[in-house]
Amino acid sequence: MSWLLISALLSLGLLFFVLELIFVPGTTVVGIIGVILTLTGIFFSFRDFGVTWGLIITGLTILVNFVALLVALKSNTWEKLGLKNTSVGRVNDNIIYNLNEGDIGKTISALRPSGKVEFKEQLVEASTHGEYVDAGHTVRIIEIRDKTIFVETLNKYQQQFKP
């Protein structure tokens, strides 16, 4: 096996090692592939170039991996790739609506289990207790808890006698 192939195996092993540490934390397939590629490169260096060169390549590989680990963890270049902002907004937080349990409305979007519902010409986010409701159905508010509006569909009999 040539120097080029051995160095390619070791380089790919290093790349997968850094990817494992920075982007895919935990023991995953990426880290295992990196270890396998590195060990394969070291094995072929022992087989093809003898014990002396095998030990030199092993030592250099350990040194390069250690230096790459230090550089990867200490430099701020990886922070540029990560998301730092968090979304703290919530649906219906700033809305003050005067809706009550029993109010009737119409679904604007499908509720799967949440979606848009229009009550008293006011568009709000509403949820069901797990049911799926298609757009255009008549719904009734059954509960308002922590600014979350829970609705249920009205069947044809209930729609005829709505309050």
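How many residues lie between β2 and β3 in their hairpin, and which residue in the turn has a positive phi? The hairpin of β2 and β3 has two residues between the strands, and Lys-120 is the turn residue with a positive phi, about 50°. The model described here is predicted.

Lys-120 is not a glycine, although its phi is positive. Glu-121 is likewise a residue other than glycine, and its phi, near 60°, is positive. The relative accessible area of Lys-120 is 51%; exposed means over 50%, so Lys-120 counts as exposed. Glu-121 has a relative accessible area of 77% and is therefore exposed.

**The barrel**

Strands of a sheet pair through backbone hydrogen bonds, and the pairing can be parallel or antiparallel. In this model five strands close into a barrel, and their order is β1-β2-β3-β5-β4. The pairing in the barrel is mixed. On average, neighbouring strands of this sheet are turned by 55° against each other, with direction ignored.

| Strand pair | Sense | Bridges |
|---|---|---|
| β1 and β2 | antiparallel | two bridges |
| β2 and β3 | antiparallel | six bridges |
| β3 and β5 | parallel | two bridges |

Strand β1 covers residues 104-107, and strand β2 covers residues 114-119. Thr-107 has Val-117 in β2 as its bridge partner. A hairpin of six residues joins β1 to β2. Pro-113 has its place in the loop between these two strands. The peptide bond that joins Arg-112 and Pro-113 is cis, with omega at about -10°.

Ser-114 has Ser-127 in β3 as its bridge partner. Ser-127 also stands opposite Phe-150 in β5. Strand β3 takes in residues 122-127, while strand β5 takes in residues 148-153.

**The helices α1 and α2**

Two packed helices are described by the angle between their axes and by the distance between those axes. Helix α1 is made of residues 3-22, and helix α2 of residues 29-74. Where α1 and α2 pack, the angle is about 25° and the axes are 6 Å apart. Angles under 35 degrees count as roughly parallel, and α1 and α2 are therefore roughly parallel to each other. The crossing of α1 and α2 is right-handed. The residues in the contact of α1 with α2 comprise 25 nonpolar, nine polar and one charged.

How values were computed. Residues numbered from 1 in each chain as written. Predicted model: local features only at pLDDT ≥ 70, side-chain atom pairs only at ≥ 80, totals over all residues. Heavy atoms only, no water. Helix = DSSP H or I, 4+ residues; strand = E, 2+ residues; numbered from the N terminus. Pairing = 2+ DSSP bridges. Axes fitted to C-alpha atoms, helices over the stretch in contact; angles between N-to-C directions. Parallel < 35°, antiparallel > 145°, perpendicular 65-115°, else oblique. Left-handed = near helix turned anticlockwise from the far one by under 90°. Nonpolar A, V, L, I, M, F, W, Y, C, P; charged D, E, K, R; others polar. Buried < 20%, exposed > 50% of the residue type's maximum accessible area, 1.4 Å probe, protein only.
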